[in-house]
Each structure stands twice: as C-alpha cells, then as structure tokens.
Amino acid sequence: MKFENRVNILNRKARFNYELLDKYEAGLVLKGTEIKSLRLGKASIAESFCQFINDELYVINMTIDEYFFGNIYNHSIKRERKLLLNKKEINKLLRKTKESGLTIVPTRLYLNNKGLAKIEIYLAKGKKIYDKRETIKERETQRNINRLVKKY
C-alpha cells in the first residue's frame, strides 16, 4: 500500500548556516496525536537541533502543533523526541560530535511510503560569517547567469 499524503517539511536555514557532511535517516518515537498532526503537515523543524542524552539521540525544539480533535490526550508542542538509529550509527555520531566539534542538524521531516515518520539528519560543521557571504555571492551570480540565459 502506497501512502498518498506526502508530508515534506524542510529546514531551509540548515544549508545556509552549516556545511553538511554526512547524511543519516532516522525514525521518530511519536505519540498518537503527534503522528496525526504530522500527517496534516502541522510541524516545524526550523529551530531544531539534535543532542545526545544518556547515549541516545534526541531532536530538541521540534514543533508539532496540537491535534485539533485530541482533547485531553493531546501532546506537548515542544518536547524531546527520541530518534531511532542503529547502534553503530549512534556510536559514530557520538564519537564525531565529541572529538571534532561537529553538530547534528535535522534538514527534512517526512512520511515514507509506509506512512512512518522519518527525519533526515546531517552531521554538520558551522559556517563562519565570510562563508555565508560567499554562499550569498554564489547564489546571486547563479541567478544573474540564469537570467541572461533565459533572455537568449
């Protein structure tokens, strides 16, 4: 059975603020009303980040709005949600973040073909101000090139 309702929530600031290195796909531990609200597209990962708590990876500051029909069983909007990864991947991420000062950034939240919530996370290195200026300059030159090509 293919899941028709495609939810694709992006973190657009991540590519601008970080240099993305290694990509991982993780599952999420969610409550009943959270997945229902997520299927409606009522979530945001714009200000979220990942952190290790007791050797387990959690996404922090991710917002999933309350489910409208949830009454007293509704979830809290911002809570720490556990990420599901293989033990080998968790150990690798833990080692990399401790030794080289890298961070883990969520870039995309989506539902896969089976209807399960997945989050795309990257091992990332923070950009300096001059790197951000360079990114803006490259983007503007690419826009100008595209405009000129479109004219002719």
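Begin by selecting Glu120, which is buried, with a relative accessible area of 9%. Keep in mind on this tour that the model is predicted.

Lys23 and Glu120 form a salt bridge, and their closest N and O atoms are 3.5 Å apart. Colour the two strands to see what is being linked: Lys23 sits in strand 2 (residues 18–28) and Glu120 in strand 9 (residues 117–126), distant parts of the chain that are 97 residues apart.

Next, select Glu34 and Arg79. This pair forms a salt bridge too, with 2.8 Å between the closest N and O atoms. Glu34 belongs to helix 2 (residues 32–39), while Arg79 lies in the loop between strand 6 (63–64) and strand 7 (81–84), 45 residues apart. Is Glu34 buried or exposed? Glu34 is buried, with a relative accessible area of 0%.

For the next stop, pick Glu56 and Lys82. Their salt bridge has its closest N and O atoms 3.2 Å apart. Glu56 is in strand 5 (residues 56–60) and Lys82 in strand 7, so the pair ties together parts 26 residues apart in sequence. Both partners count as partly exposed: Glu56 has a relative accessible area of 29%, and Lys82 has 28%.

Finally, select Lys23, Arg108 and Glu120 together. Salt bridges with shared partners join these three residues into one network. Across the model, the count comes to five salt bridges.

Technical notes. Residues are numbered from 1 along each chain as its sequence is written. This is a predicted model: local features need pLDDT of at least 70, side-chain atom pairs count only at pLDDT 80 or more; totals for chains, interfaces and linings use all residues. Side-chain values use heavy atoms; hydrogens and water are left out. A salt bridge is a side-chain nitrogen of Lys or Arg within 4 Å of a carboxyl oxygen of Asp or Glu. Helices (H or I, at least four residues) and strands (E, at least two) are DSSP runs, numbered from the N terminus. Buried means under 20% relative accessible area, exposed over 50%, partly exposed in between (1.4 Å probe, protein chains only).
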